[in-house]
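Colleague: I would like to go through this chain with you slowly, one question at a time. Could you show it to me before we begin?

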Amino acid sequence: MKNINILVTSSGRRVSLVKSFQNTLKEFNNLGKVFTTDMNPYFSSACQVSDGFLKVPRVTDKEYLPILKKFCIENDISIIVPTIDTELHILANVKDEFLKDGGYDTYFGTVLGNGGSWLELVVTRDYLNLQN
């Protein structure tokens, strides 16, 4: 099985989320890692428990997406989990462009809410059944 690396963005204090992904990966993909991003990773408890982290500028900064994309390619990220509304909209709007340079076939999980499919929540490179 291929390694599955997960990136939780704007992780802040979402320690439970990071640990849940880490525990699940241990069961299904022991070599997978959970990475995090934050503007202040040294003050982020989630960054401190993750397998690695990246300091990023504000999501509205013009350099945010290039920095995030480079990190994802360098760390073979399979799943991106945005955690704030601002990121959800930004990543949903650039999903095709974001993954294009890596040459990946993409599968996008959508979240249904507010009466319809309104946001992209998880961006993955490979088809993956997380409900096993």
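What follows is a set of questions and answers about the chain shown above.

Colleague: What kind of model is this, and in what order do the elements of the chain run from the N terminus on?

Modeller: This is a predicted model, and every value I give you is computed from it. The secondary structure of the chain comes to 5 helices and 6 strands. Read from the N terminus on, these elements run β-α-β-α-β-α-β-α-α-β-β.

Colleague: What percentage of the residues of the chain count as buried?

Modeller: A residue counts as buried if its relative accessible area is under 20%. The accessible surface of the chain comes to about 7,900 Å², and carbon and sulfur atoms hold 51% of that surface. Of the 132 residues in the chain, the share that counts as buried is 40%.

Colleague: Which element gives the most residues to the largest nonpolar core?

Modeller: The largest nonpolar core has 12 residues, among them Leu-7, Phe-35, Tyr-64, Phe-71, Ile-77 and Leu-91. Two elements give two or more residues to this core, namely α3, which covers residues 64-74, and β4, which covers 77-81. The element that gives the most, with 4 residues, is α3.

Colleague: How many aromatic pairs does a search of the whole structure find, and how many residues apart in sequence are the parts that the pair of Phe-35 and Phe-71 ties together?

Modeller: The search finds 2 aromatic pairs. Phe-35 and Phe-71 form one that is edge-to-face, with 5.6 Å from centre to centre and 85 degrees between the planes, and both residues are buried. Because Phe-35 lies in strand β2 and Phe-71 in helix α3, the pair ties together parts whose separation in sequence is 36 residues.

Colleague: Is Tyr-42, which pairs with Phe-53, buried or exposed?

Modeller: Tyr-42 and Phe-53 form an edge-to-face pair, 5.3 Å centre to centre with 85 degrees between the planes. Tyr-42 lies in the loop between β2 and α2 and Phe-53 in strand β3, so this pair ties together parts that are 11 residues apart in sequence. Phe-53 is partly exposed, with a relative accessible area of 31%. Since exposed means over 50%, Tyr-42, at 64% relative accessibility, counts as exposed.

Colleague: Which exposed residues does helix α4 carry on the face turned away from its buried side?

Modeller: In helix α4, which covers residues 85-93, Glu-87, Leu-88 and Leu-91 are buried. They cover an arc of only 105 degrees around the axis, which puts them on the same side of α4. The face turned away from that buried side carries the exposed residues Asp-85 and Asn-93.

Colleague: What distance separates the C-alpha atoms of Met-39 and Ser-11?

Modeller: Met-39 is found in the loop between β2 and α2 and is partly exposed, with a relative accessible area of 33%. Met-39 touches Lys-55, Val-56, Pro-57 and Arg-58, when residues up to four places away in sequence are not counted. Along the chain Met-39 and Ser-11 are 28 residues apart, and their C-alpha atoms are separated by 9.3 Å.

Methods: Residues numbered from 1 in each chain as written. Predicted model: local features only at pLDDT ≥ 70, side-chain atom pairs only at ≥ 80, totals over all residues. Heavy atoms only, no water. Core = buried A, V, L, I, M, F, W, Y, C linked by side-chain atoms within 4.5 Å. Buried < 20%, exposed > 50% of the residue type's maximum accessible area, 1.4 Å probe, protein only. Areas by Shrake-Rupley, 256 points an atom, 1.4 Å probe, with all protein chains shown as cover. Phe/Tyr/Trp six-rings, centres within 6.5 Å; stacked < 30°, edge-to-face > 60°. Arc of directions from axis to C-beta. Contact = heavy atoms within 4.5 Å.
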